Amino acid sequence: MDKLLTFSITGLSLAAIYAIGASGLVLTYTTTGIFNFAHGAIGMIGAFAYWQLRFDWGWPAPIALAVVLVVMAPLFGVFLEAVIMRSLEGTSDATKLVVSISLLSGLIGLANWIWQPGVQRPTSRFFQGSKFTVFGVFVSWHEATALLLAVGVALALRFLLHRTGIGIAMRAAVDDRDLAMLNGARPNRGSMLAWALGCSLAALSGILFVGTLGLEAGVLALLIVNAYAAAIVGRLRSLPLTFVGALILGLGEAYWQGYRADVSFLSGSNLSTFGSAIPVMILFAVLLVLPNPRLKGRAARSREFFAAPSRGAALAFSGVMVVGAYVISGFMTRAHQIDLAEAFAFAIIALSFVPLVGMAGRVSLCQLSFAGIGAVTMAHLGNENSLRGLVAAVVITAAVGALVALPALRLSGIYLALATAAFAVALDRWVFQLRSFEVFGLFPVKFFEAGSVSVNRVEVGGISTASPRAQAMLLSIVFALLALFVTWIRRNAFGRRLLALKESEAACATFGMNLTLAKLTVFALAAGIAGLGGALYGGLLQSVNPGHFSFVTGLPVFMLAVVGGIGSVGGALNAGIGLATLAVIPNLIPALEKVMPVMPGLVGIGLGRNPSGGVQKMTEAFAPVRRSPRALLALTGALALLTVLRSIDVIGNWPYVLLAMAVAFASPLVATTLGGRGSDPAAGEGAGEDGEPIALEWVGLLRPFTDDDRKSMDLSLGHSSGVSRGTA
Amino acid sequence: MENLLELRDIHAAYDQIQVLNGVDLAVPAGSVFALLGANGAGKTTTLRVIAGLHQPTSGEVVVAGRCVNGAHPEELARRGLCLIPEGRGIFPNLTVMEHLRMAARSRLPLAEVEAIAFDRFPRLAERRHQMAGTLSGGEQQMLAMARGLATKPALLLLDELSMGLAPLVVESLYEVVAQIASEGVSILVVEQIAQTVLKVADYAAVMVHGKVAKVGRPADLEGELSAAYFGT
Ligand SMILES: Nc1ncnc2c1ncn2[C@@H]1O[C@H](COP(=O)(O)OP(=O)(O)OP(=O)(O)O)[C@@H](O)[C@H]1O
Ligand SMILES: [Mg+2]
């Protein structure tokens with residue numbers, strides 16, 4: 001009985017902390033429509049700031065609390081709203097998601113920069129952990145405070161949202177922002193208040209956590225992911241249900257810790273890390289059981305737009321890339337050859353986002369986890385025959401991908417992102433930590449053996465890829481082939497089906513499309529690509545551990561792919577190169593080492609301005625070059641000349657890179673002055689830029705309308721008088 | 001007579017698509033002005049420009065003699081300009097009372113707002129704690145009107161009051177419009193179906209392809225309407 005009471009009290013106080021964190025999340029989501037993935041990270045920063053004031057500088061607790069909760073956190077919220085979130089108005093869910101995920105990743109980087117990780121930071125609980133007794137059970141004042149605060153927060157939020165003018169106006173702005181303005185409300189003030197309060201609540205929950213756990217940025221930022229489960233129980237809208245969710249979580253976790261040892265079949269060592277995965281499991285489960293958030297009839301029209309590359313362009317892209325990798329790797333040191341290979345490995349993993357996110361509009365945050373499964377498979381099955389290992393990696397990850405997708409099929413938007421995040425975190429915290437075990441005594445399952453495993457490099461038909469340069473070439477060729485494959489998908493019926501799925505599920509359903517099959521296929525396909533990338537990446541590293549494939553490590557891959565343009569293979573390449581560059585820069589400029597983890601976050605946050613991605617912009621800038629044969633020839637010639645100069649050691653590596661970049665940037669200017677075919681965009685009637693006929697719906701986008709187009713359109717619409725009407 | 005609202009050569013576009021091509025309009029103070037036109041003529045866009053929700057690319061919006069281009073919609077609302085938008089101008093997840101509290105935020109005390117709204121629409125008083133999303137279509141339109149009137153606007157902009165409502169409900173809503181007009185409020189009404197609104201309007205204009213094609217007394221316009229709608 002005492003035991004039950006003790007663990008109930010622990011559970012209740014945990015629930016209180018979850019409830020405080022989750023209610024802040026719900027508040028910002030309902031009032032601004034942005035699901036803040038960085039909510040936990042903000043709480044984490046708050047906790048660190050509190051530690052700094054309270055324990056490092058020795059301020060009295062009340063003052064430190066007041067400074068963090070009443071001054072710093074709200075100011076940070078106001079800053080976030082004014083500088084980042086406000087500009088997200090009217091962007092798609094995916095863009096909002098990316099920005100808040102970038103913020104999460106950036107804040108973790110920031111915390112690790114300011115507060116060096118791995119250092120012991122002494123903390124204590126409120127009131128120095130002093131206790132009182134209730135029914136013969138000790139209760140710490142810290143726990144009691146958490147409980148009281150949660151109740152206080154619940155009452156205060158209820159009052160704010162239903163009894164005060166600004167609260168009602170905030171709820172009104174959620175329903176219809178324009179209409180709220182027509183009512184004389186100032187929605188920006190409401191959003192600002194919501195962000196200020198949200199950050200304060202996040203910080204409060206973070207500070208309360210610190211009393212129970214240590215200070216570690218990644219752990220704390222994701223710990224509050226647990227609170228997300230509570231928010232989802234409230235379907236991100238209802239505060240009372242959110243509190244119920246928090247209760248389930250808190251008590252569930254406490255009872256698991258308390259009673260696991262008593263139940264024989266739960267006490268196995270494979271379940272010892274299961275406890276920390278419980279909240280994310282609940283998150284996953286709740287997402288699946290909750291009533292469907294409806295098929296969205298009219299998806300908010302997003303600003304993102306991706307055109308299909310032509311077959312010729314894709315071939316040229318792949319060819320240039322492989323040849324480029326061959327030429328450049330020849331000039332590189334072994335270490336840089338490995339960096340180059342790593343860039344392509346990440347590019348392959350990032351390529352898995354293109355069909356899934358770019359085409360089907362389904363955000364998955366667990367692609368790097370799939371890569372981890374691929375690497376593990378390669379480690380255990382690719383020892384004798386590396387090809388067999390690769391095939392197994394693709395098949396097994398594709399199967400796991402389909403398995404994960406199966407329950408998650410009806411989810412989309414942030415719900416799917418959350419479910420995949422939950423899956424990734426569950427792998428991090430539990431599955432990847434497991435030792436090998438037997439499934440029903442049939443076959444063994446092995447992961448990282450609670451440490452690291454070694455992975456073989458590929459050997460095909462007696463050709464070994466053991467040298468760094470061979471690795472770079474192997475990975476670049478695989479990437480090039482996969483890029484062609486993905487481009488081919490984009491251009492065939494399956495790709496069009498995926499695009500239709502992204503635009504409107506409801507419309508697809510009315511066309512009688514088999515949504516389930518399309519979604520399952522694209523998930524399996526994406527997982528398979530990631531698995532292949534992971535297997536090759538593992539081979540490149542030769543020894544891998546769970547840290548290489550964790551949820552947090554995966555965030556920059558996603559963000560950089562989005563920044564490059566997640567609808568194109570160029571975006572994936574951008575992610576690979578970006579990540580490798582981030583890894584290389586500290587070697588060149590050691591002072592920047594700590595700043596690097598913050599970079600992807602900053603880059604991602606900047607995305608709001610240009611949602612179609614940077615590659616799209618670059619492609620547009622290079623359009624004149626592609627249209628003018630003379631300019632293309634000049635560009636190739638100049639690059640070839642530089643390469644020759646480099647190979648006979650007339651110039652060094654750095655001048656080579658800089659000059660090549662200068663030539664590339666100058667080429668659009670040269671092309672426009674040279675003129676040529678590029679000056680007449682309508683050249684080649686009924687055809688796109690490369691002479692291929694283009695579909696009717698792209699006319700006007702890829703090239704201007706002509707009278708002939710109007711005629712043929714009128715014909716197909718059956719307007720026989722169409723042409724004469726204009727002159728009548 | 002003085003004009004409460006004047007539009008001078010308004011041009012407006014959504015992205016690249018030009019929607020308004022030089023709209024000129026003058027609404028005399030205290031009159032009911034009907035703006036008619038076919039689907040897509042640009043009526044809603046015109047109202048959005050007036051209310052500050054959409055920035056015109058050129059031209060002037062003049063309210064009570066002052067140019068209000070670039071003013072924020074909430075500022076205009078607080079100064080007595082009220083737009084009741086197309087569809088139902090309500091917040092589905094707010095109760096009737098909360099709508100009135102929204103109205104009370106900018107200009108009048110809550111008690112006065114309540115008095116105005118429930119006087120005009122007693123049906124709403126019975127449903128004061130109901131979520132607006134669960135009200136019937138007619139009740140929702142009443143609530144939208146009530147909320148608008150309770151701010152005691154000087155200029156009321158109504159966009160397709162009749163959309164999806166039974167003729168009887170439309171008639172009664174227009175009776176309210178006539179009543180408010182008689183109290184000195186200037187009203188600009190946008191409608192597709194001309195019959196009902198032309199009974200209460202003092203002036204009317206027909207819009208075609210983002211321009212005002214014809215202005216006049218309702219009686220003069222009857223003949224023009226079919227031309228505007230059928231493009232003959
Ligand atoms: N947000 C928008 N983005 C792009 N185009 C728009 C947008 N809103 C309106 N339009 C276009 O502007 C034109 C005028 O629209 P508007 O809503 O003003 O017409 P309307 O006269 O009110 O029509 P209706 O009687 O059907 O309500 C239409 O062709 C419409 O397609
Ligand atoms: Mg309209």
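**View 1. Aromatic pairs, with Phe35(A) and Tyr228(A) up close.** This predicted model holds 18 aromatic pairs over all chains, a pair being Phe, Tyr or Trp (six-membered) rings with centres within 6.5 Å; planes under 30 degrees apart are stacked, over 60 edge-to-face and the rest tilted. Phe35(A) and Tyr228(A) have ring centres 5.4 Å apart and planes at 75°, so they count as edge-to-face. The two sit 193 residues apart: Phe35(A) in the loop between helix H1 (2-32) and helix H2 (39-56) of chain A, Tyr228(A) in helix H10 (residues 225-233) of chain A. Helices here are DSSP runs of H or I, at least four residues, numbered from the N terminus. Both residues are buried (under 20% relative accessible area, 1.4 Å probe, protein chains only). Together with Tyr29(A) and Phe37(A), they make one aromatic cluster.

**View 2. Arginines over rings in chain A.** Arg54(A) has its charged end over Phe55(A), 5.1 Å from the ring centre; Arg469(A) lies over the face of Tyr326(A), at 4.4 Å. "Over" takes NZ of Lys or CZ of Arg within 6 Å of the ring centre and within 35 degrees of the ring normal.

**View 3. Ligand 1 and chain B.** Among the 13 residues around ligand 1 (a heavy atom within 4 Å), Lys43(B), Thr44(B), Thr45(B), Glu86(B) and Gln192(B) come nearest. Oxygen atoms of the ligand lie 2.6 Å from a side-chain N or O atom of Lys43(B) and 2.7 Å from a polar side-chain atom of Glu86(B).

**Notes.** Residues are numbered from 1 along each chain as written, chains are lettered from A and ligands numbered from 1 in written order. Local features need pLDDT of at least 70 and side-chain atom pairs 80 or more, while totals for chains, interfaces and linings use all residues; side-chain values use heavy atoms, without hydrogens or water.

How values were computed
Buried < 20%, exposed > 50% of the residue type's maximum accessible area, 1.4 Å probe, protein only. Polar contact = N/O pair within 3.5 Å; in protein donor to acceptor, adjacent residues only side chain to side chain.
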